[in-house]
Amino acid sequence: MRIATWNVNSARARAERIGDWLDRSDIDVVAIQETKARDDQFPASVFTDRGYEVAHHGLSQWNGVAIASRVGLDDVRIGFPGQPGYGDPEEREARAIAATCAGVQVWSLYVPNGREVDHPHYAYKLRWLEALREAGVARLAEDPEAQIAYVGDFNIAPQDDDVWDMAAFEGLTHITEPERSAFQALIDAGFDEVVREHTPGPGVYTYWDYKGLAFPKRRGMRIDFVLASPALRARVTGASIDREERKGKGASDHAPVIVALDGADDRPVDRQKK
DNA sequence: ATGGTCGGTGGCCGA
């Protein structure tokens, strides 16, 4: 089984590219972030026309998350227990959706950006991550064998090598100690990050800004991850970052990130169709 | 080449 996560930066603007990517990528489950659509605007047919079930959660032109699966899509959940809102703690943004696909609970997560270190959005980001950790701890306490994948755009570069130039990020979000601690706390809670060991850096990224020819200049960031509970972590056989998808006109600023699990239809990641 | 990012929106904001 192959699970992917991809911040598409608008499902509508990216619909044709998403379809083309599905056609060539042999993906069983894909978690999508930043659909930038309400449910009534989401182009579900991109997925259903190709034999995927899809669940989408979008409240406005901001955020928006989805999961598509061709191996079953059960027990869809909107938001995680304790997920805070921005400003009004009761008003949750469309940043988390989950579904159980072939026995794996996949969470498509769009972690708040943080904007600036002294901005309220930054404190919100840290609150949001801590609440996610608490929800994960509670779930694993209930069922230590649960196969849970926390996947998506974490908007954190956990290591210095995860940005093209640390000096360029002085004073900015994504690389601060509290953000990195919040990410590490998820790992310490039992959700190991499984992509890096199969895609070692430096210079390996999942996001490149649209501005300033960042992609051709190889100025990127590694901010999209797959975190796996212990039972799921034991099944991971490989991972890859589809850097090709960042190329050309009409690309998202994020590349898809793919993880392979053991299973009857598994095949080596380095033999995947391009 | 006197510009040099997108997307959604509505006449700017968010990333």
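This is a predicted model: local features need pLDDT of at least 70, side-chain atom pairs count only at pLDDT 80 or more; totals for chains, interfaces and linings use all residues.
Local features need pLDDT of at least 70, side-chain atom pairs count only at pLDDT 80 or more, and totals for chains, interfaces and linings use all residues. Residues are numbered from 1 along each chain as its sequence is written, with chains lettered from A and ligands numbered from 1 in the order in which they are written.

Me: Which residues of helix α1 are buried?
Reply: Helices are DSSP runs of H or I with at least four residues, strands are E runs of at least two, and both are numbered from the N terminus. Buried means 20 or more other C-beta atoms within 10 Å of the residue's own, exposed means 12 or fewer, and partly exposed is in between; C-beta atoms are placed from the backbone. In α1 (residues 15-25), the buried ones are Ile18, Trp21 and Leu22.

Me: Within what arc do the buried residues of α1 fall?
Reply: The arc is taken over directions from the helix axis to the C-beta atoms. The face turned away from the buried side carries exposed Glu16, Asp20 and Asp23. The buried residues line one face of α1, so seen down the axis they fall within an arc of 100°.

Me: How do the axes of α3 and α4 lie, roughly parallel or roughly antiparallel?
Reply: Axes are lines fitted to C-alpha atoms, for helices over the stretch in contact, and angles run from 0 to 180 degrees between N-to-C directions. The axes of α3 (residues 120-142) and α4 (residues 177-188) come within 9 Å and cross at roughly 10°. Angles under 35 degrees count as roughly parallel, over 145 as roughly antiparallel, 65 to 115 as roughly perpendicular and the rest as oblique. α3 and α4 are therefore roughly parallel.

Me: Which residues of α4 make the contact with α3?
Reply: Contact means C-beta atoms, placed from the backbone, within 7 Å. The α3 side includes Leu126, Leu129 and Arg133. From α4 come Pro178, Ala182, Ala185 and Leu186.

Me: Where is Arg218 found?
Reply: Its phi is near 60°, a positive value in a residue other than glycine. Arg218 is exposed, with 10 other C-beta atoms within 10 Å. Arg218 is found in the loop between β9 and β10.

Me: Which peptide bond is cis, with omega near 0°?
Reply: The proline involved, Pro202, is in the loop between β9 (192-193) and β10 (224-228). The cis bond runs from Gly201 to Pro202.

Technical notes: Two residues are in contact if their C-beta atoms, placed from the backbone, lie within 7 Å.
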